[in-house]
Amino acid sequence: MTTALSFPDGFLWGGATAANQVEGAYNQGGKGLSIQDTMPKGIMAPPVDGPTPDNLKLEAVDFYHRYAEDIALFAEMGFKTYRFSIAWSRIFPNGDETEPNEEGLAFYDRVLDELEKHGIEPLITLSHYETPLHLAQKYDGWISRDLIGFFENYARAVFERYKGRVTYWLTFNEINSVLHAPYLSGGIKTPKEQLDPAALYQAIHHELVASARVTRIAHEIDPGYLIGCMVIGMPIYPLTPAPDDIVAVMNADHANLMFSDVHVRGAYPGYAQRFFRDNGITLSITEQDLEDLKNTVDFVSFSYYMSVAETADPALKIKGEGNIMGGVPNPHLAASEWGWQIDPQGLRVILNQFWDRWQKPLFIVENGLGAKDVLVEVDGVKTVEDDYRIDYLNDHLVQVGEAIADGVDLLGYTTWGCIDLVSASTAQLSKRYGFIYVDRNDDGTGTLDRFKKKSFDWYAEVIRTNGASLSA
């Protein structure tokens, strides 16, 4: 017997973007450089010294100047919420100043004005892969304990500025990604292959302490603030039923789950302490750090794009093309054009895993399909016939409905890249996610005009019917 899909009243349907992938205007409004300005090829190549003409993020899709137009399109789809990030270097250009940049604060005032005009709830990420470049160059990013104070100062400035206008905040985007992309995720300039594990986990500790401290600060400034952590959600399946493969899955799971365990439970779990012992990792942890970590989050948010398999057999441990977070390809799953394995049921699995583990409200804040869309003309109107995206999102949302029926407490769902944006992993615009096509190409040409894809009206109907229009 199959339960009819039912999404709760007040479910927060919407979409998500990041400042560095949509805003552009990298040198306007008093903004300083971020690490993204040195990553013209995304995480697929080492960083360069500074901005280069081939870095699409310098202009991105020009949300900085077109935010009102874009938010109006989100409202037309019926968005209940819009997840976006504040660019730290718009507020503190170098990251270590004592006073914020008023022009940067005023820009996000205007964004919030537009959201309020359309009745859209903001969901704001404080740090979304855009550490100020100065902090990477001078301090080696989060390896330095000094960044805790700088992050507190930044968070306090925006918490105070936007008090009464925002309810939902996220601290660090996909914080567990720092294990695999230290520069992107932690502003750590030391090359990954030269990075000592103890230094990496010290940086992770600093981020966890900073996240806990700003959670406390937020609750002090406005008791109505709800603060969430944000992680990559990725179910890991054993490649075979061999016990060694099951243990390999357990260990891989622990590596990812530690971040949320600390955020939710307020202390390092025993398996993490064993990992540190077994690998000769001694962290500098103060008594104050241990107290700070007790400031736990109100909810857990996550991205979901793929599942992976895991094995203990070295002969079978072949990394999948798109598996940034490790794992091996699952022979039972198809993959996207970028090698990301497509597993709608995995979303139900991860929702249940997270809910069973933490009993905290959950929020899916990224899920979507990157594809090479083609702009066509239908009845005199330019659009994209993206049935493949509709199928992908429909199948995942059906599994979300199943998880809700399982008893999972889910706050909402925001698709990744609700408008086409520059890919974080490849820095391409041809890897498109949005319901809205942006006329810009990988070579930087294009008008930046916006066009509604077929999926635009489809998602509008999903939101209008609160999920009843989904095809189970």
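The charged end of Arg-432 lies over the ring of Tyr-437, 4.0 Å from its centre. The charged end of Arg-90 likewise sits over the ring of Phe-107, at 5.7 Å from the ring centre. A charge sits over a ring if NZ of Lys or CZ of Arg is within 6 Å of the ring centre and within 35 degrees of the ring normal.

This is a predicted model, in which local features need pLDDT of at least 70, side-chain atom pairs count only at pLDDT 80 or more, and totals for chains, interfaces and linings use all residues. Residues are numbered from 1 along each chain as its sequence is written, and side-chain values use heavy atoms, with hydrogens and water left out.

The whole structure holds 38 aromatic pairs. Rings of Phe, Tyr and Trp (its six-membered ring) pair if their centres lie within 6.5 Å; planes under 30 degrees apart count as stacked, over 60 as edge-to-face and the rest as tilted. Two of the pairs are listed here.

| Pair | Centre to centre | Angle between planes | Class |
|---|---|---|---|
| Phe-7 and Phe-11 | 5.2 Å | 65 degrees | edge-to-face |
| Phe-107 and Tyr-108 | 4.8 Å | 70 degrees | edge-to-face |

Phe-7 and Phe-11 are buried, where buried means under 20% relative accessible area, exposed over 50% and partly exposed in between (1.4 Å probe, protein chains only). Phe-107 is buried as well, with a relative accessible area of 0%, and Tyr-108 counts as buried at 1%.

In a contact between helices, Leu-73, Glu-76 and Met-77 of α2 meet Phe-456, Tyr-459, Ala-460 and Ile-463 of α14; contact means heavy atoms within 4.5 Å. Helices (H or I, at least four residues) are DSSP runs numbered from the N terminus.

Note on methods. Helix = DSSP H or I, 4+ residues; strand = E, 2+ residues; numbered from the N terminus.
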